[in-house]
Amino acid sequence: MLLRRCTQGLCIIGFILLSGAIILDDMPLLLAGGTLIAGILGQYLVFDHQIRAVVSSAEVRRSVSRNPVRRGMVLQVTTRFTFRGTPRMHVQISDLLPPNTLIADGTTTITTRPDPTAQEHLCSYRIIPLIHGTLNFSGISVTVRNLFFEDTIRMTRESDQKPDITVQPSALFAVPSSESSEGTRDNRKASIWSSIDIHSLREYITGDDLRHVDWKISAKHDKLFIRKYTQPTNFPPLIIVDLPWCGTPCPEKEFERMVSEVTGLVKHTIQTYQYVSVLFISGPNILHLIREERNMSRCIMELREWMHPSERQVHFYRMADRSDLRSRVRNAEHALEQTTDNPTQAFCALLHNRYISILQYQRTPAFSGQVARTVSQLRMTQAYLFSLGCGDTSHIRHVVRPLKTQMIRVHIRMIEATHPEKPATSEEPADAAGVLP
Amino acid sequence: MTPLLPEYSLLIVLGAGVTGITLLQASPVWYINFLLLLLLSGVLFLTRTWPDRGFYLACSGEPLVVACSITNLWAGLFVVCMVAGMVCLASRLLESRKDIGVFALFCGGSFLIALVIQWSNHVLPALLVFSTISAVILFVLSVRTYQFRNYYSGA
């Protein structure tokens, strides 16, 4: 509880009067000081009664624009405060943000005028969760002040902290930090000269790259020795698992088969290449990346943890790849030049205009960039994509495109419900319903 | 014609009371009371648009309380009640029946304080009584506030 400025002044006067009364043994001063202090005490009792009335009537209801949310994404929060005011009391209510969140914009505080009726106020703001996991709101803070006093009460009961926000991780796209402590950058991309093994050593010849000098051997023999690396070896394939959306029923039998196929391929890859990388996606959402895992049992455990229908933050519906659209525009233009038939020309012109208008309004989805950044961290020459093909499959094209750009061979295993005994295997999502014809 | 503000009506009552008290007691420094009454009236007039007006009124009213209670303690009590009423009216603290009840309680409390002072020969015993009562009230309030905060913090 804080004394406001005028109350502090009155308290000082009261104590001066009482001190004077003690020193001078003067009854009139005691009466003046005593009544003044009694008046302040009485006002404190009134204030205490009023703050209880306000706080006990305060309620908070929050709604969030989406839940769960991905880490780093902006989340809209709308908070509705209701309380019963009292005369001459200014009430200020602040929504306390969850820990480890940033406020992007909006206001979290409402200030009310004295009004003895029931009041309802809305505040709206946007926050950015900085860590993943389950985040709780910290409650609300109610500040009440009148002419003499001011007090703040933090309401942090369980009901004041609802709803819980589930924040999903999304830091898979960052390039891993260098493991070197010498300030050098660790380039994990495979190049023509660097690989995982040193093939041999030879003496330094003028013109050799000094970065390849083996300093330990050079110091031992007092001569410069250059490392010769092995030729690029076969890297293990990247396994991409497209998990179905938990919002729609998925064929259990096919899903189990996909799980067993993925598990088998993972085991085979570890046995053959000593490690494996598995990328879990669910539609146009990257969920998790098992990066270069060498331990079989740990890898299987992670597969068990992640291999189930998943929630999707983002959904695509017939989201065509921009490169495909451009090639279709070119095809339409070519057809337009070739044909002389009027109805065909009209059709090609219409098609051309449609593709152009789609290109104008449809931007490259963030998912494509995320896939490109994720796969750029890994060394591979081929990738396997497993999908059930449930619902819209246009995101598959957005996975395949960045892989193809990096000269990676992609095998798509579409385990379809209609032909469970004969899964389609192709390099292109030929039956991808989402890709425009 | 603008209506008289409510605190001015109490000032008139206070002025009449102070005049009566001064005349009855025939004090040799009778003019002090009128000077202090003039001071209070001046503050009441000058601070009519200021914030924290109650503070200035209380500050200017206290000397009048002391001056009047020097000759008669009950006269001082009368001035205390009038000044408190003016402070409450100026701060809009007397707008409902509940507020009037609170003000009446304050007047009753002041009467009890005056009664204790009247019975006491020296300041110290009376002050001890007031301090003890205030400490008990503050202690009870602190405990209640602690419990209240605990309840709403979910502890």
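This is a predicted model: local features need pLDDT of at least 70, side-chain atom pairs count only at pLDDT 80 or more; totals for chains, interfaces and linings use all residues.
**Helices of chain A against chain B**

Helices (H or I, at least four residues) and strands (E, at least two) are DSSP runs, numbered from the N terminus. Axes are lines fitted to C-alpha atoms, for helices over the stretch in contact, and angles run from 0 to 180 degrees between N-to-C directions.

- Helix α2 (residues 27–57) of chain A packs on helix α3 (residues 53–71) of chain B at about 140 degrees, and their axes are 8 Å apart.
- The crossing of α2(A) and α3(B) is right-handed; a crossing is left-handed if the near helix is turned anticlockwise from the far one by less than a right angle, and right-handed if clockwise.
- Contact (heavy atoms within 4.5 Å) involves, among others, A:Leu29, A:Leu36, B:Val65 and B:Ile70.
- That contact has eight nonpolar, two polar and one charged residues; here Ala, Val, Leu, Ile, Met, Phe, Trp, Tyr, Cys and Pro count as nonpolar, Asp, Glu, Lys and Arg as charged, and the others, Gly among them, as polar.
- Helix α1 (residues 5–24) of chain A meets α3(B) at an angle of about 15 degrees, with axes 10 Å apart, which makes α1(A) roughly parallel to α3(B).
- Residues in the contact of α1(A) with α3(B) include A:Leu10, A:Ile13, B:Phe55 and B:Glu62.

**Helices within chain B**

- Helix α4 (residues 73–90) of chain B packs against helix α5 (residues 97–119) of chain B at about 155 degrees, with their axes 10 Å apart.
- α4(B) and α5(B) are therefore roughly antiparallel to each other, and their crossing is right-handed.
- Among the residues of this contact are B:Trp74, B:Leu77, B:Phe103 and B:Phe106.
- The contact of α4(B) with α5(B) divides into 14 nonpolar, three polar and no charged residues.

**Cavities**

- On a 1 Å grid over the protein atoms alone, a cavity is a set of points where a 1.4 Å probe fits but cannot get out, and lining residues have an atom within 4 Å of a point.
- Grid points are joined across faces, edges and corners, and a volume is the space filled by probe spheres set on the points.
- The structure holds two cavities of 30 Å³ or more.
- The largest cavity has about 50 Å³ of space, and its lining includes A:Pro236, A:Tyr275, A:Glu292 and A:Arg379.
- The second largest cavity has about 30 Å³, with A:Asp242, A:Arg312 and A:Cys390 among its lining residues.

**Backbone details in chain A**

- Most residues other than glycine have a negative phi, and most peptide bonds are trans.
- A cis peptide bond joins A:Asn67 and A:Pro68, with omega about 10 degrees.
- The bond from A:Lys162 to A:Pro163 is also cis, and A:Pro163 lies in the loop between β11 (149–155) and β12 (165–168) of chain A.
- A:Asp222 is not a glycine, yet has a positive phi of about 60 degrees.

Definitions and conventions
Residues are numbered from 1 along each chain as its sequence is written. Chains are lettered from A and ligands numbered from 1 in the order in which they are written. Side-chain values use heavy atoms; hydrogens and water are left out. On a 1 Å grid over the protein atoms alone, a cavity is a set of points where a 1.4 Å probe fits but cannot get out, and a pocket is an open set with protein on both sides within 12 Å along at least five of seven lines; lining residues have an atom within 4 Å of a point. Angles under 35 degrees count as roughly parallel, over 145 as roughly antiparallel, 65 to 115 as roughly perpendicular and the rest as oblique.
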